[in-house]
Every structure is written in C-alpha cells, then in structure tokens.
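Here is a set of questions and answers for someone new to this structure.

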Amino acid sequence: MNKVIFVALEEEFPRKFVPKGYNIIYTGIGKINAASAAARYLTYNPHVETVYNYGTAGAGDDSVAGELLGVYSFIERDMDITALGIDKFTTEKGQDPYLYTSNKNTSIICGTGDSFARPMDPYHIVDMEGYALVRACDWFGIPEFYSYKYISDTDNDSDPAKAWKKNVSKGAVKFKNILN
C-alpha cells in the first residue's frame with residue numbers, strides 16, 4: 001500500500017476506522033518507539049507515498065479542547081544541548097528546529113517530547129511521537145506527510161492525565177472523516 005497511518009495506540013484510532021487503501025501501524029508511545037516503527041515499516045514498504053500521523057495532544061488553550069487540529073510543523077521540545085553552544089530544540093549548529101508537514105492550511109506547531117507536558121512558547125500543542133515520525137519520513141524521502149491531533153487535554157484540566165484517559169478515543173471519527 002502506498003498510504004499508511006501511524007498512530008501510537010489502537011485506542012486512539014481503532015482498526016475498524018481505517019478506510020480501504022490505507023494501512024495502519026501502531027507505533028507505541030514515545031519518540032523511540034515511533035521512529036523505530038516508522039523506519040521498520042518504510043524499509044519494507046519502499047513505495048509509500050503518503051503518510052498520515054494521527055493522535056492525541058495536549059493544549060494550553062481550553063478553547064481547542066475536543067478539536068481536531070492539523071499540524072503545520074513539529075519541534076523536538078525536550079532537546080536541549082545549549083550547554084554545548086547549540087540552539088535549543090536542535091542537535092547541530094545552524095539546524096532549523098522545525099520539521100514541516102504537508103498541512104499548509106494551518107499554523108499549528110506541535111512540541112514532541114518523551115513526557116506528558118504542557119505547551120509553551122514556541123509551540124501550541126504537545127505530543128509524544130510526531131517529530132520522530134516526520135523525521136523518519138523525511139529520511140525515507142516520503143513526499144507527503146500529514147498530521148492531525150485531537151486535543152484530549154488542556155492546561156485547564158485539574159488532572160490532564162485523567163482527561164486524556166477520558167478523551168483518548170473521542171477524535172477517531174473526526175480523523176476518519178479527514179481520510180474519506
């Protein structure tokens with residue numbers, strides 16, 4: 001198949017919602033799991049042309065709770081080697097910290113990291129896999145990469161982890177409608 005959907009957990013987007021013509025890969029949580037799953041899949045499926053990433057995300061702004069947002073770019077929010085003289089969010093001098101998607105009708109920046117965190121400048125929402133997936137797809141020369149995040153929790157939730165558990169599956173139908 002030349003279209004694939006990468007999702008961390010089946011409870012976010014169950015297999016029954018996958019349209020014909022798409023494959024789905026459940027990567028597991030976190031950047032290493034996501035990058036490893038994407039690299040493994042893309043190595044054995046060299047004809048992939050379009051990748052979709054779907055998952056849940058946290059937001060600072062309560063007005064987007066329950067919304068499905070397209071992501072324009074990703075930043076690696078937990079990369080900080082400024083002590084070595086390298087800009088925050090990058091791993092080498094002069095590197096652009098942003099990895100861009102094919103979503104051109106949005107300005108949402110997602111900060112990816114290996115912790116359940118809250119958004120801060122310069123990113124609007126947070127996830128745990130997106131940056132790794134877009135980086136792997138870039139390495140494999142995938143021409144189209146789209147990412148959509150369902151806002152499952154916000155800064156206004158008294159317990160964001162509890163809100164995520166309550167809302168983890170609620171965006172699946174909205175994302176399915178994007179694919180159809």
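Predicted model: local features only at pLDDT ≥ 70, side-chain atom pairs only at ≥ 80, totals over all residues.

Q: Which element gives the most to the lining of the largest cavity?
A: The lining includes Phe6, Val7, Asn53, Tyr54 and Gly55. Two elements give two or more residues to this lining, namely strand E1 (3–7) and strand E3 (50–59). The most, three residues, comes from E3.

Q: How many residues of the lining of the largest cavity are nonpolar, polar and charged?
A: Among the lining residues are Ala8, Glu12, Thr27, Glu129, Leu133 and Lys149. Over the whole lining the division is five nonpolar, three polar and three charged.

Q: What is the volume of the largest pocket, and which residues lie nearest its centre?
A: The space in the largest pocket comes to about 230 Å³. Its lining is made of 19 residues. Those nearest the centre are Thr56, Phe116, Asp127, Met128 and Trp164.

Q: Which element supplies the largest share of the lining of the largest pocket?
A: By class, this lining has nine nonpolar, four polar and six charged residues. At least two residues each come from E3, strand E8 (125–127) and strand E9 (144–154). The largest share is three residues, and the element that supplies it is E3.

Q: Which helix gives the most to the lining of the second largest pocket?
A: The second largest pocket has a volume of about 190 Å³. Helix H1 (31–44) and helix H2 (130–139) each supply at least two residues of its lining. Lys31 and Ala35 are among the lining residues, as are Tyr131, Ala132, Arg135, Ala136 and Trp139. With five residues, the helix that gives the most is H2.

Q: How many residues in the lining of the second largest pocket are charged?
A: The lining also includes Glu76, Thr91 and Gln95. Five of the lining residues are nonpolar and two are polar. The number of charged residues is three.

Q: Why is E1 largely enclosed by the rest of the structure?
A: A residue is called buried when its relative accessible area is under 20%. E1 has five residues, and it is largely enclosed because the number of them that are buried is four.

Q: Which strands are joined to E1 by four bridges?
A: E1 and E3 run parallel and are joined by four bridges, with Ile5 partnered by Tyr52 of E3. Four bridges also join E1 to a strand of residues 23–26, again in parallel, and there Val4 stands opposite Asn23. The strands joined to E1 in this way are E3 and E2.

Q: Is Thr50 buried or exposed?
A: Thr50 lies in strand E3. The relative accessible area of Thr50 is 8%, and the cut-off is under 20%. Thr50 is therefore buried.

Q: Which residue has a side chain joined to that of Thr50 by a polar contact?
A: Leaving aside residues up to four places away in sequence, Thr50 touches Asn2, Lys3, Val4, Ile142, Glu144 and Tyr146. The polar contact between side chains is 2.9 Å, and the partner of Thr50 in it is Glu144.

Key:
Residues numbered from 1 in each chain as written. Heavy atoms only, no water. 1 Å grid on protein atoms, 1.4 Å probe; cavity = no way out; pocket = protein on both sides within 12 Å on 5 of 7 lines; lining within 4 Å. Nonpolar A, V, L, I, M, F, W, Y, C, P; charged D, E, K, R; others polar. Points joined across faces, edges and corners; volume = space filled by probe spheres on them. Buried < 20%, exposed > 50% of the residue type's maximum accessible area, 1.4 Å probe, protein only. Pairing = 2+ DSSP bridges. Polar contact = N/O pair within 3.5 Å; in protein donor to acceptor, adjacent residues only side chain to side chain. Contact = heavy atoms within 4.5 Å.
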